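Hi there,

Here is the structure I promised to pass along. Please have a look at it first, and then read my notes below.

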Amino acid sequence: MDYISPWAIIVASIFTSNILLANFLGMCSFLVCSKQIGTSLGLGAAVVFVMTATTAINYGVYYGLLVPMGLEFLWFIIFIAVIAAFVQFVEMFVERFSQGLYHALGIFLPLITVNCAILGAALFMIIRRYDFIQSLAYGFAAGVGWALAILLMAGLRKKMGYSIIPKAFQGVSIIMIITGIMAMAFMGFNGMVRIQ
Amino acid sequence: MSNLPVACGACQAGGVCQGKGLSTLKSGLWANNPISVQVLGICSALAVTSKLENALVMGAALIFVTGCSNLFISLLRKAIPRKIRMIAEVAIIATFVILFDQVLRAFYYDMSKTLGPYVGLIITNCIVMGRAEAFALQNPPIVSVVDGLANGMGYAGVLAVIGAIRELLGYGTILDFAVLSTSWYVPNQVMILAPGAFVVLGLLIAMFNAINAGKGAADAKPAGGH
């Protein structure tokens, strides 16, 4: 397999294979938290940070501990434990050292443990056999891609308040369809770079 | 996560938790269907449904995991301290997910490759966690198993419908049997790709809403009440 440059991975994970729009990860919090632009900005930033850090830690744990000991089959449980522990740690750290940041980001941190995009990014990193630099680039860019998608959605939902939507389509239904159109728009970037 | 109290409130109001298995079963399959009503577990519902076969395997995985994890969490519900219940639940769920993943790898390697990370992502699938939190922690084992299986089946059912629609329109086949002849039907690539998944699910939820509203059921909640 050819070596894929980290820059290609960054561009690809933000645009062509956006973790939300192409891999469908992190839908739950995407649906719930995209009501306001402020909220989605906070959550997006928290996701970028946690995803970058946890892919790096999980990379170390997988190749440093699990592979030498032949325990690869435990990866799911180890990854989710690492993510949960890291989020807990960051929450305590932020609460202790920066009250402002805690109020801006802290409330989103517990939500992130159950955000499947975080675990998904770690799993994709192993499945695609990225090296450390590639993993770091991937974790960061996947987070940015997710944040971009939720921000766009929050903007659209704000405008949606002025439209008359058929009763049955109100709520999640119309959001799904809009996301579909958004995914189609992002497919326009296809062919720019290819990582899979 | 705001939907958990809603789901729980609904089942207490209807007396589902106290009732026998049948009402629990019905609630999981239709009235509180995990995907179309509670809007949980969307990720995998979209990602693995480009073909009916994948959707069925994923549905089976979820029935297995929710059933087993509900059983064990319910058995241990008095032993698990409240403070660490989340991590205990995750550990139990992850055990069954690993089990299923290993079996899939051993006997059905191609499917394991196709599903990729989405089998592992069952751990973070809110349906499993939601049922453990909202039901298994408060109910005896037998009812919990029924609840787990019912929610798994409700999920599997919706997955199968999405999978069938997407495979039919995207490839013109159902379970790899040609249904729509290519002599007059041009397979619509969009249905296989991401946008098709979003749109099909959106329309499906709208249909559920319309049917439930048509019934005039007082308890029909709009799906947006998340």
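Searching the whole structure, which is a predicted model, turns up 4 salt bridges over all chains. Three of them may be handy to have open on your screen as you read.

Start with B:Asp176, which forms a salt bridge with B:Lys51; their closest N and O atoms are 2.9 Å apart. This pair links distant parts of the chain, 125 residues apart: B:Asp176 sits in the loop between β1 (173-174) and β2 (177-178) of chain B, and B:Lys51 in the loop between α3 and α4 (52-75) of chain B. Is B:Lys51 buried, partly exposed or exposed? Its relative accessibility is 21%, so B:Lys51 counts as partly exposed, the cut-off for buried being under 20%.

Next come B:Arg85 and B:Glu133, whose side chains meet in a salt bridge at 2.9 Å, N to O. Because B:Arg85 belongs to helix α5 of chain B and B:Glu133 to helix α7 (residues 126-136) of chain B, the pair ties together parts that are 48 residues apart in sequence. Both B:Arg85 and B:Glu133 are buried.

Helix α7 of chain B also holds B:Arg131, which forms a salt bridge with B:Asp147, the closest N and O atoms being 3.0 Å apart. B:Asp147 lies in helix α8 (residues 141-171) of chain B, so here the parts tied together are 16 residues apart in sequence. B:Arg131 and B:Asp147 are both buried.

Now to the place where the two chains meet. Here, 41 residues of chain B are in contact with 41 residues of chain A. Between them the chains bury about 3,300 Å², with 84% of it on carbon and sulfur atoms. In chain B, the residues that lose the most area to chain A are B:Cys43, B:Thr124 and B:Phe198, together 19% of what that side buries.

How many salt bridges are there between chain B and chain A? The count is 0, while 3 residue pairs are in polar contact. On the side of chain B that touches chain A, α3 (42-47), α5 (85-107) and α10 (194-215) each supply at least two residues. The largest share, 12 residues, comes from α10(B). By type, the residues of that side divide into 30 nonpolar, 9 polar and 2 charged.

Finally, a word on confidence. Chain A has a mean pLDDT of 86, and 95% of its residues reach 70 or more.

Best wishes

How values were computed. Residues are numbered from 1 along each chain as its sequence is written. Chains are lettered from A and ligands numbered from 1 in the order in which they are written. This is a predicted model: local features need pLDDT of at least 70, side-chain atom pairs count only at pLDDT 80 or more; totals for chains, interfaces and linings use all residues. Side-chain values use heavy atoms; hydrogens and water are left out. pLDDT is the predictor's confidence in each residue, from 0 to 100. Contact means heavy atoms within 4.5 Å. Buried area is the accessible area (1.4 Å probe) that two parts lose on being put together, summed over both. A polar contact is a pair of N or O atoms within 3.5 Å; within protein, one must be able to donate a hydrogen and the other to accept it, and residues adjacent in sequence count only if both atoms are side-chain atoms. Helices (H or I, at least four residues) and strands (E, at least two) are DSSP runs, numbered from the N terminus. Ala, Val, Leu, Ile, Met, Phe, Trp, Tyr, Cys and Pro count as nonpolar, Asp, Glu, Lys and Arg as charged, and the others, Gly among them, as polar. Buried means under 20% relative accessible area, exposed over 50%, partly exposed in between (1.4 Å probe, protein chains only).
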